[in-house]
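Biologist: Please take me through this model with care, and tell me what each term rests on before you use it.

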Amino acid sequence: MRRYGKHTDEDDIRTRPNRRGNRPRTNIRPKHEDAAEGMVLTVDRGRLTCLVDGRAIVAMKARELGRKAAVVGDRVALVGDLSGMKDTLARIVRIEERTSVLRRTADDDDPYERVVVANADQLAIVTALADPEPRPRLIDRCLVAAYDGGLDPLLVMTKSDLAPPDKLLELYGALDIPHVVTSREELESGDAADLVREHLDGKVTAFVGHSGVGKTTLVNALVPEDRRRLTGQVNAVTGRGRHTTTSALALPLADSGGWVVDTPGVRSFGLAHIDPSRVIHAFPDLEPGTEGCPRACSHDEPDCALDAWVTEGHADPARLYSLRRLLSTRERKEGD
């Protein structure tokens, strides 16, 4: 039986009857070399809003892309009606290679990986110092996802008027993570946005945090012209916040060239998809010490070469402790 490869000539094209006409079908797909470039701003029930030459274009994924999904932050190629007029629809025919990916699973036993944001430069982890109480395990998990996906972390602490940040800063001090500390008054007045904006210029920043920490309030202050979403309040009984953002949304920062990506509030951050061997890349002072590690070393076992590396003075012991804490976060519950 003759097999047909991907590179066929004219005589090799296999055709079959088409009930709607006599146009032959082939496995040759158009290249769409003249397609317009765009960026995915948000996704809603199969419809993607993309920015093309300053216009918001509603599009759908072309069938030829198969199961490959486009997410917020993706650079895509579009064809069709690109006018941006009401009731028009374009087609996404190509998804460009991603420079970074923020991924999560529903929990550590869930094999289904969800891509939250593509091509972001950094991940702003927003946590309240009180009301609701900070959840270090969730922060650890977000850090692991950031390091694994190629994003630089930024820690944003809110409600400093209710509790001091010292304990949390001490916990993450060895990681040298840039941080911003804000109060409720600064958050409500918009001054917090000015403090955070210094870290956002020229970058695509994804914001993540569990509900009630002030994430959406902060994003609205950073992008004041976006008033489509209302901020929620923390439930006085459960201490949990109501979800006020239902899907990821990319918003431009005025006069800075940067972008803010607001993501839905999370109650859990599964790491089933994480390869622990990639997390070490975020610790350049420790990575050379792994050369003497046994194959498939977890970096938290008796034969790990990192212990000797630190003992010899090549790195701070606090850094090794932080690495091992992050690597073990999959075995711990986020509320521990």
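Modeller: Two strands are said to pair if DSSP finds at least two bridges between them. The strands themselves (E, at least two residues) and the helices (H or I, at least four residues) are DSSP runs, numbered from the N terminus. This is a predicted model, in which local features need pLDDT of at least 70 and side-chain atom pairs count only at pLDDT 80 or more, while totals for chains, interfaces and linings use all residues. Residues are numbered from 1 along each chain as its sequence is written, and side-chain values use heavy atoms, with hydrogens and water left out.

Biologist: What makes the phi of Asp87 worth a remark?

Modeller: Most residues other than glycine have a negative phi, and most peptide bonds are trans. Asp87 is not a glycine, and its phi is near 65°, a positive value; the residue lies in the loop between E4 and strand E5 (90-95). Ala296 likewise has a positive phi, near 60°, and its place is in the loop between helix H6 (276-279) and helix H7 (306-311). As for peptide bonds, a cis one joins Asp131 and Pro132, with omega about 5°, and Pro132 lies in the loop between strand E8 (122-128) and helix H1.

Biologist: Why is Asp87 called exposed?

Modeller: A residue is buried under 20% relative accessible area, exposed over 50%, and partly exposed in between (1.4 Å probe, protein chains only). The value for Asp87 is 74%, so Asp87 counts as exposed, and Ala296, with a relative accessible area of 75%, is exposed as well.

Biologist: What makes E8 a mostly covered strand?

Modeller: Seven of the seven residues of E8 are buried. In a regular strand the side chains alternate between the two faces of the sheet. Both faces of E8 are covered, with Gln122, Ala124, Val126 and Ala128 buried on one side and Leu123, Ile125 and Thr127 on the other. E8 pairs with strand E9 (residues 152-158) in the parallel sense over seven bridges, and the bridge partner of Ala124 in E9 is Leu154. Helix H5 (residues 215-222) is mostly covered too, since six of its eight residues are buried, among them Leu218, Val219 and Leu222.

Biologist: What is called the largest nonpolar core, and which residues have the most contacts inside it?

Modeller: A nonpolar core is a set of buried Ala, Val, Leu, Ile, Met, Phe, Trp, Tyr and Cys residues joined through side-chain atoms within 4.5 Å. The largest has 53 residues, and those with the most contacts inside it are Leu123, Leu143, Phe283, Leu286 and Leu323. Its largest share, eight residues, comes from H1 (residues 136-149). Contact means heavy atoms within 4.5 Å, and Leu143, leaving aside its neighbours within four places in sequence, is in contact with residues including Ile125, Tyr172 and Leu326. A second, separate core of 21 residues includes Ala124, Val156, Val219 and Val260.

Biologist: How do you know which stretch to read with caution?

Modeller: The guide is pLDDT, the predictor's confidence in each residue, from 0 to 100. The chain averages 82, and 80% of the residues score at least 70, but over residues 226-245 the pLDDT is below 50. Where pLDDT is low, the predicted coordinates should not be read in detail.
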